[in-house]
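Hi there,

Here is the structure I promised to pass on. Could you have a look at it and then read my notes below?

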Amino acid sequence: MSDTIRVQSEDFDTGAELDRLRLGKPAVGALASFVGTVRDVNEGSGVSDLFLEHYPGMTEQALADIAVEARSRWRVIDTVIIHRVGLLHPTDQIVLVIVSSAHRGDAFEACQFIMDYLKTRAPFWKRERTPDGTRWVEARDSDDAAAARWADRATGSTP
Amino acid sequence: MRVQLRYFASLREALGVEVEAIDLPEAVATADALRDWLAARGGVWAEQLAPGRPVRVALAQRMAQPGTVLSEGQEVAFFPPVTGG
């Protein structure tokens, strides 16, 4: 049972991380993963690059807290949260979340929960470059709503 | 009370300050009191930290509520709502 938290400028290898959570771990029956990538359009403008700023120290703590919260709600074996910072371009990977569990229900839900909480609680900020110059991305109400729906839910381990 | 202040992202750019160490009067004891105190600097501070603006506060690198009490030597960060992922 481990939570891997990494904040890095380098790219990540999703296949290698999935293998690491599966090989030698016969209790694992399900691996759910999510990869967020850089889009070339946002709010109707073309995006040529994206700079990700974060709050060193707080970022890692916030991500670790989210993984612990996921463990308290679902039957989770291992988790991975890797988030990139610095300059990224369309099609680049931004974030990877993996949850392993005995069964898919726990893995799917915990993975989605971690992403929803990350979007509203982890101190990252995006600044994107469009044909009109650079601009800071504004937080979306839909992200707050996505995180809030988990507050209404009792711990949701599925048999 | 002395605290270390940090600003991030669009707020840092608008204020033109990344870090500062300040001595607070005794009356400034909570996160929202500190925000009001900084807004009283006027100009861009008043504009950026005005009530109703979406500004988040972290104390000792944890998300804080408006009423969270400050401690001596603490790191206090102000920033806009987060947009990672």
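Helices here are DSSP runs of H or I with at least four residues and strands are runs of E with at least two, both numbered from the N terminus. This is a predicted model, in which local features need pLDDT of at least 70 and side-chain atom pairs count only at pLDDT 80 or more, while totals for chains, interfaces and linings use all residues. Residues are numbered from 1 along each chain as its sequence is written, chains are lettered from A and ligands numbered from 1 in the order in which they are written, and side-chain values use heavy atoms, with hydrogens and water left out.

Let me start with the pockets. A pocket is an open set of points on a 1 Å grid over the protein atoms alone, where a 1.4 Å probe fits, with protein on both sides within 12 Å along at least five of seven lines; lining residues have an atom within 4 Å of a point. Volumes are the space filled by probe spheres set on the points, which are joined across faces, edges and corners.

The second largest pocket has about 410 Å³. Among its 20 lining residues, Glu138(A), Ser10(B), Pro54(B), Pro80(B) and Pro81(B) are closest to the centre. Its largest share, three residues, is from α1(B). The lining has 11 nonpolar (Ala, Val, Leu, Ile, Met, Phe, Trp, Tyr, Cys, Pro), six charged (Asp, Glu, Lys, Arg) and three polar residues (the others, Gly among them).

The largest pocket holds about 1200 Å³. It has 47 lining residues, with Lys119(A), Thr120(A), Arg121(A), Val82(B) and Thr83(B) nearest its centre. Helix α2(A) gives the largest share, six residues. By class, the lining has 22 nonpolar, 10 polar and 15 charged residues.

Now for the helix packing. Helices α3 (residues 104–121) and α4 (residues 141–151) of chain A pack at about 130°, with axes 8 Å apart; axes are lines fitted to C-alpha atoms over the stretch in contact, and angles run from 0 to 180 degrees between N-to-C directions. The contact (heavy atoms within 4.5 Å) includes Phe113(A) and Tyr117(A) of α3(A) and Trp150(A) of α4(A).

The axes of α2(A) and α3(A) come within 10 Å and cross at roughly 145°. Here Phe113(A) and Tyr117(A) of α3(A) are again among the contact residues, and Ile66(A) and Arg73(A) are among those of α2(A). This contact has eight nonpolar, no polar and three charged residues.

Best wishes
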